[in-house]
Amino acid sequence: MSISRINRRNLFKVSALASGGLMLQLNLPVAALAEDGGTLVQSKELNVYVQIDTDGQITIYSSIPEMGQGIKTTLPMIIAEEMGARWEDVVVLDAPLDASKYGMQGAGGSTSVPRNIDTMRRMGASAREMLIGAASLLMEVEREDLDARESKVIHSSGESMTFGQLAAVAVRQPVPDPEMLSFKDPRSYTIIGTSIGGVDNLVIVSGQSQFGIDVDVPGMKFATYARCPRIGGRATSFNATEIKAQPGVIDAFILQPDARAGKASMGFLDGLADLRGGVAIVGDDTWSVLAAREKLQVTWDESGASDDSWAQMVDQAKQIAAEGGGEVRLDSGSVAPAFAQADNKVLEAFYQFPYVAHVCMEPMNATAHFKKGTAGAADAMEIWLGSQFPGQVKEIANNMFGITPENVTVHAKRMGGGFGRRAVHDFAAEAMAISHRMGIPVKLTWTRPDDIHNDFFRVGGFEQMKGAIDPAGNLAAWDQHYIGFSKQGKPVIGSGLRGNEFSMVALDNARVTQSMMDIATPCGAWRAPGSNTNAFVEQGFIHELADLAGRDHLEFLLELMGERRWLDDGNVNALNTGRAIDVIKLAAEKAGWGKTLPAGTGLGLAFYFCHAAHVAEVAQVSVDADRNFRVEKVTVAVDVGPIINRSGAMSQVQGSVIDGLSTMAGQQITMENGVIQQDNFDEYPVMRIAATPEVDVHFIESDNPSTGLGEPALPPLAPAVTNAIHAATGERIRSMPLSELGFKLV
Amino acid sequence: MSKFVLMVNGEKVEVEAQPEMPLLWVLRDKLKLTGSKYGCGIAQCGACTVHVNGSPMRSCVLPVSAVSGPVTTIEGLAQGGELHPLQSAWIQHDVAQCGYCQAGQIMSAAALLANNRNPDDDDIDQAMAGNYCRCGTYIRVRQAIHTAAAYYDADTSSTKVTGAGQ
C-alpha cells in the first residue's frame with residue numbers, strides 16, 4: 001500500500017479532524033463515539049455484533065477490552081469474513097459492558113481468540129444468512145443460487161444487491177438456527193489470514209485516542225493518592241492544614257484500608273484488589289495535587305505492614321534448596337538410583353529469577369463519579385478506566401458501597417498496556433472511594449513511582465535442578481525442586497509448576513518437588529505467568545544437560561520430545577510433541593543452526609509450550625570482552641493454528657521477543673523491610689530502540705484451532721538468549737536479570 | 001498563579017498556572033490536549049514529547065514559564081488536512097500496539113526528519129533513544145521512519161515538513 005493512497009483515503013477523515021483548531025476533537029461520525037450499543041440511527045441491527053446502514057456502512061462491535069493485543073481488529077475480522085463483508089466498509093466500535101449480550105468481556109490468558117472465535121463465526125454467518133434471505137425475497141430467486149461477498153449478495157446470474165440495499169429487509173428475516181449455520185471454506189477467505197492494520201490506528205497517530213487517563217468529565221477534579229511506602233501500612237494522621245492550603249488543592253483526607261474491595265468472584269483475582277490505606281489529595285489539576293504531595297507528612301501505622309526482604313528471600317531459598325524436601329508434585333520413576341549410578345554424569349544447578357513490575361506505559365488511573373441517590377433513588381457510580389476485566393469494577397462498587405450492578409456504569413477505555421496488571425482494580429477502588437467521599441467526579445492518576453511501588457508483581461523464585469546423563473548420552477534422571485512464594489500457604493499467581501509443564505508430563509524419569517515461602521508482597525499475573533520464568537530454568541537446564549552429554553542441543557531437545565503425540569489426547573491445551581518438533585526444527589533451520597559464526601557469537605535454542613501455543617526461538621547473540629551483549633537476531637517458529645490477522649500476530653511475536661529481552665536484561669524489583677526499592681524508569685529500565693534485534697517470524701499454520709498469541713512467544717526468549725551467551729562465551733547463566741551479572745544489553 | 005501566553009499548534013492561548021507547572025500538565029489538564037502522555041515525569045520515557053521551537057522536548061519536565069517558543073503537539077502535526085508522512089507511515093506499518101507511547105515516538109521522529117531527510121538506522125536509534133515502547137514496537141518504528149523518509153525523497157519539491165517549528 002503506497003503512502004499517497006493512504007493519504008488520499010484518510011484525507012476526508014483528517015480534514016474533519018483538523019477543523020477544530022486548538023481544541024481538536026475527533027470528528028468521526030457520531031456512531032464512532034456511541035457507547036450505548038443501541039441501534040444506531042439509520043442502522044439495522046442483525047445481531048448484537050452487527051449493524052448495517054442503508055448507505056452500506058457495516059458496524060461491528062468489539063466486546064473484548066483492547067490493550068495492544070489487537071483483539072479489537074482480530075475478532076471483527078472473523079465476523080466480516082463469515083458475512084461476506086468488504087473490510088473497507090467495516091467500522092469497529094467498542095461494545096458497552098453488558099454480560100447479557102456479550103458474555104464475559106475480559107482479556108487475559110491469551111484466551112480471547114479461542115473463547116470467542118466460534119461466536120464470531122456464528123454472528124457473521126447468521127448476518128450473512130439474513131442478508132441472503134432478504135436478497136432471495138427482493139430478487140425473487142432461490143437462496144441456493146445466492147452468495148455473499150464484497151458486501152453484496154450476488155446471484156449466480158451475476159445480478160447483485162448491496163448489503164446496504166438489503167439491510168432493511170434483512171433485519172426482518174428470522175434469525176437462523178445456530179445449528180443450521182454453514183461456514184465458509186477457509187480456502188475462500190479474503191480477510192482472515194491477511195494483514196489488517198489496527199482499527200484505531202488513525203486516532204492513535206493523530207493523538208485522539210482516548211485512554212482512561214485522557215478522560216474529561218464535566219466538573220471533574222484531579223486526585224493523587226499516597227500509600228504507605230511499607231506495603232500494608234495505614235495512615236493515622238497527616239499535616240492536613242498545610243496540605244489543604246496548597247495552591248489548587250480542594251481537599252485532603254485519609255482513606256482506611258478496605259479488604260471488601262478485593263473480594264472477587266473470579267478466583268484468581270480474589271483478595272488482590274484490597275484498598276490500601278493512605279492519603280488522598282484532590283485539586284484543580286494533576287500538577288497541583290502532585291506538588292502538594294511533595295509537602296505531605298504522614299504518620300503511618302506499620303503494625304500490619306510487610307517486612308519482606310529480597311535478600312532474606314534469596315538466603316532462605318538457598319537454604320531450602322540445600323536441605324531438599326518439599327511437596328512432591330511428581331515422582332514418575334526411580335530417580336535416586338540413576339543419580340547414584342557411578343557411570344552416570346550428574347549435574348546440579350541453582351536458578352534464580354527476580355520479581356518484576358508491569359510498568360504499563362499508561363500508569364494506573366481511573367475517573368469515578370459517585371452520585372448520591374436523592375428522592376428515594378438509589379446511589380449510582382459511573383467510572384471510566386482501562387481494565388482487562390471491567391465487569392469486576394461493578395463487583396467492587398457493590399462490595400464497598402452497596403451500589404447494585406445496574407447502578408454502576410463502567411466505561412472501558414483502550415488500555416495503554418495491560419500485561420496482566422489491569423486485571424487487578426485497586427486503582428478503581430481508590431478512585432471510587434475518593435469520589436464517594438467528595439460526591440463529585442474525580443480523576444485519580446498514579447505517578448510512575450506509585451505504579452511501580454504498588455504493582456502486583458511477577459513473582460520471583462528459585463529452582464534447584466539436578467540431572468543425570470547415562471553413558472550413552474541420554475537423559476537418565478531429572479530432579480526439579482521449585483522454591484516459590486505463597487500467601488497463607490497458597491502459591492501466588494505464577495509461582496510453582498503447572499500440571500502441564502513439560503517436565504511434569506513428558507519426561508520418563510523425573511521427580512518434581514515444590515516448597516513455598518509465605519510473603520506479603522502483592523503478586524499478580526504478568527504476561528505468561530509462571531511460564532515466563534519456568535521456561536528460563538527448564539530450557540536453560542536442558543541445554544546444560546545436552547552440554548554435559550556432549551550432544552548437540554537441537555538433537556538432544558528433539559530426542560526428549562520423543563514420538564509425535566498429544567500428551568493429553570484431544571486436548572488442544574495440551575502439549576503435542578509433533579507440533580513441538582515441527583517448530584523446533586523450523587526455527588533451527590531458518591536460523592542456520594550449526595553454521596559457523598565469528599568468535600564471541602553464538603546461537604541459542606529454546607522451546608516452550610503454554611497457552612496452547614508451541615513456540616521455538618533461536619537467538620543469535622554476540623558478547624564482547626566488556627560483557628556487552630547484543631542480540632543480533634531472533635528466529636521464531638510458532639504454531640497457534642491458522643493465523644487470523646497476520647500483521648497483528650507478527651506484532652505480538654515481535655513485541656514478546658522485545659519484552660522478554662527488556663525484562664531479562666535489566667529489570668528487577670527488590671524490597672527491603674516491605675519497601676519496594678525501585679522508584680522510576682531510571683532504576684527500572686525498559687529496553688530502548690538501539691538494542692532491538694532483527695526478529696524473523698515463521699508461522700506453522702497447523703490444522704488445529706486458532707489460539708491466542710499475546711503471551712506464548714515471550715517465555716522462550718530468555719533461555720534462547722542465555723543459551724546463546726553460553727555458546728558465545730562458555731559462561732552459563734542461571735539468574736536474571738543479566739545486569740546483575742555485569743552484562744549490558746547493547 | 002501567573003498568566004502565560006503560549007502559541008500551541010498555531011493558536012495563541014492564555015493559561016493561568018503556577019510557573020513551575022510542567023508544560024505537559026498545562027496541555028493535558030488546562031488545554032485538554034491529551035495526545036501528549038504522562039509516563040514517568042522525569043524525562044526518561046518520552047511519552048510526553050512535543051516540539052518547542054521545532055526541537056523535541058520532554059514536556060513533563062519543562063516548566064510552563066520556560067517555554068520559549070511555539071509548541072507543536074501530536075494534535076497539530078497533521079497540516080492542511082493531510083496526515084504528516086510519519087502518521088501515514090505509522091498506519092501503513094501498523095506500528096501501534098497499545099498506542100500510548102506512539103504520540104511521543106512520532107514527535108521525536110518528526111523532529112529527526114525535519115533535520116535529516118535520509119536517516120540510517122543509527123540516526124534513528126539516536127533520535128529515538130529517549131522514547132520507550134513497553135509493547136516493543138521498535139522494529140516497526142524504524143521501518144515507518146524509513147518509509148516516511150522515502151516519501152520525502154520521492155517528492156521533496158511539493159512537500160513541506162510539518163510539525164517542526166510551526
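Colleague: What is the relative accessible area of A:Lys221?

Modeller: In this predicted model, a residue is buried under 20% relative accessible area, exposed over 50% and partly exposed in between (1.4 Å probe, protein chains only). A:Lys221 counts as partly exposed, because its relative accessible area is 26%.

Colleague: What pLDDT do local features need?

Modeller: Residues are numbered from 1 along each chain as its sequence is written, chains are lettered from A and ligands numbered from 1 in the order in which they are written, and side-chain values use heavy atoms, leaving out hydrogens and water. Totals for chains, interfaces and linings use all residues of this predicted model, side-chain atom pairs count only at pLDDT 80 or more, and local features need pLDDT of at least 70.

Colleague: Why does the pair A:Arg121 and A:Glu82 tie together separate parts, and how many residues apart are they?

Modeller: These two form a salt bridge with the closest N and O atoms 3.8 Å apart. A:Arg121 lies in helix 5 of chain A and A:Glu82 in helix 3, so the pair ties together parts whose distance in sequence is 39 residues.

Colleague: Which residue of chain A forms a salt bridge with B:Arg28?

Modeller: Across the interface of chain B and chain A there are 5 salt bridges. In the one formed by B:Arg28, the closest N and O atoms are 3.0 Å apart, and the partner is A:Asp214.

Colleague: How many residues of chain A are in contact with chain B?

Modeller: Contact means heavy atoms within 4.5 Å. Chain B contributes 64 residues, and the number from chain A is 74.

Colleague: What percentage of the residues of chain B count as buried?

Modeller: Chain B has 5 helices and 5 strands. Of its 166 residues, the buried share is 65%.

How values were computed
A salt bridge is a side-chain nitrogen of Lys or Arg within 4 Å of a carboxyl oxygen of Asp or Glu. Helices (H or I, at least four residues) and strands (E, at least two) are DSSP runs, numbered from the N terminus.
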